[in-house]
Amino acid sequence: MSYDSNNIFAKILRGEVPCHKVYEDEHTLAFMDVMPQADGHTLVIPKMSSRNLLDAEPKALGSLMTSVHKVANAVKQAFGADGMLIQQFNEAAAGQTVFHLHVHVLPRHEGRPLRPHTGRMADHAVLAQHAERIRAALGAGAE
Ligand code: AMP
């Protein structure tokens with residue numbers, strides 16, 4: 001299957017759809033998931049187009065994981081997480097719903113279950129606040 005440049009993350013990258021941005025560099029963008037499975041649930045995407053990991057240019061993966069590493073440490077600090085879940089789905093059969101490669105960064109707390117995948121839309125004011133907490137942790141050098 002081929003890449004469809006009308007997917008929602010491609011639109012976010014082109015600035016056609018807004019997002020709560022937490023981090024951006026030359027090769028990647030990180031923003032809040034609008035249906036967070038946990039407070040602080042963040043997505044990290046490459047700017048280079050691919051449906052998922054399977055058709056990605058291997059050269060896009062180094063910068064992607066570097067950003068995941070940076071953002072995961074910031075989210076862990078911002079949300080006082082006990083652990084971090086890093087998740088990535090490939091094709092619908094594996095749970096993928098948006099077909100531009102993305103990595104889920106999820107803070108986990110002992111004994112606190114995750115909310116459902118693509119469950120309820122979060123309040124935008126809350127997402128904005130959460131993004132600010134993560135940006136502050138990044139600014140303080142959490143990585
Ligand atoms: P996946 O099932 O791995 O493809 O996950 C796609 C994720 O994108 C889900 O967790 C959705 O909640 C999230 N999502 C969908 N639309 C948006 C959007 N416009 N901004 C941020 N996150 C989104």
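**Note on the ligand site**

1. In this predicted model, an N or O atom in the side chain of His104 is 2.8 Å from an oxygen atom of the ligand. The ligand taken alone exposes 510 Å², and the protein buries 93% of that.

2. A polar side-chain atom of His102 lies 2.7 Å from an oxygen atom of the ligand. For Val98 the atom concerned is a backbone N or O, which lies 2.9 Å from an oxygen atom of the ligand.

3. The shell around the ligand holds 18 residues, and those that come nearest are Asp33, Thr97, His102, His104 and His117. By class, this shell has ten nonpolar, seven polar and one charged residues.

4. Where does the ligand sit? The space it takes is the largest pocket. About 420 Å³ of space lies in that pocket. Its lining is made of 23 residues, of which Phe9, Asp33, Val34, Met35 and Leu43 are the closest to the pocket centre.

5. The lining of the largest pocket divides by class into 13 nonpolar, nine polar and one charged residues.

6. On secondary structure, helix H1 (8-13) and strand E2 (28-32) each supply at least two residues of the pocket lining, and each also supplies at least two residues of the shell around the ligand. H1 gives the most to the lining, with three residues. H1 also gives the most to the ligand shell, again with three residues.

Definitions and conventions:
Residues numbered from 1 in each chain as written. Predicted model: local features only at pLDDT ≥ 70, side-chain atom pairs only at ≥ 80, totals over all residues. Heavy atoms only, no water. 1 Å grid on protein atoms, 1.4 Å probe; cavity = no way out; pocket = protein on both sides within 12 Å on 5 of 7 lines; lining within 4 Å. Points joined across faces, edges and corners; volume = space filled by probe spheres on them. Helix = DSSP H or I, 4+ residues; strand = E, 2+ residues; numbered from the N terminus. Nonpolar A, V, L, I, M, F, W, Y, C, P; charged D, E, K, R; others polar. Near = heavy atom within 4 Å. Polar contact = N/O pair within 3.5 Å; in protein donor to acceptor, adjacent residues only side chain to side chain. Areas by Shrake-Rupley, 256 points an atom, 1.4 Å probe, with all protein chains shown as cover. Sits in = over half its atoms within 2 Å of the grid points.
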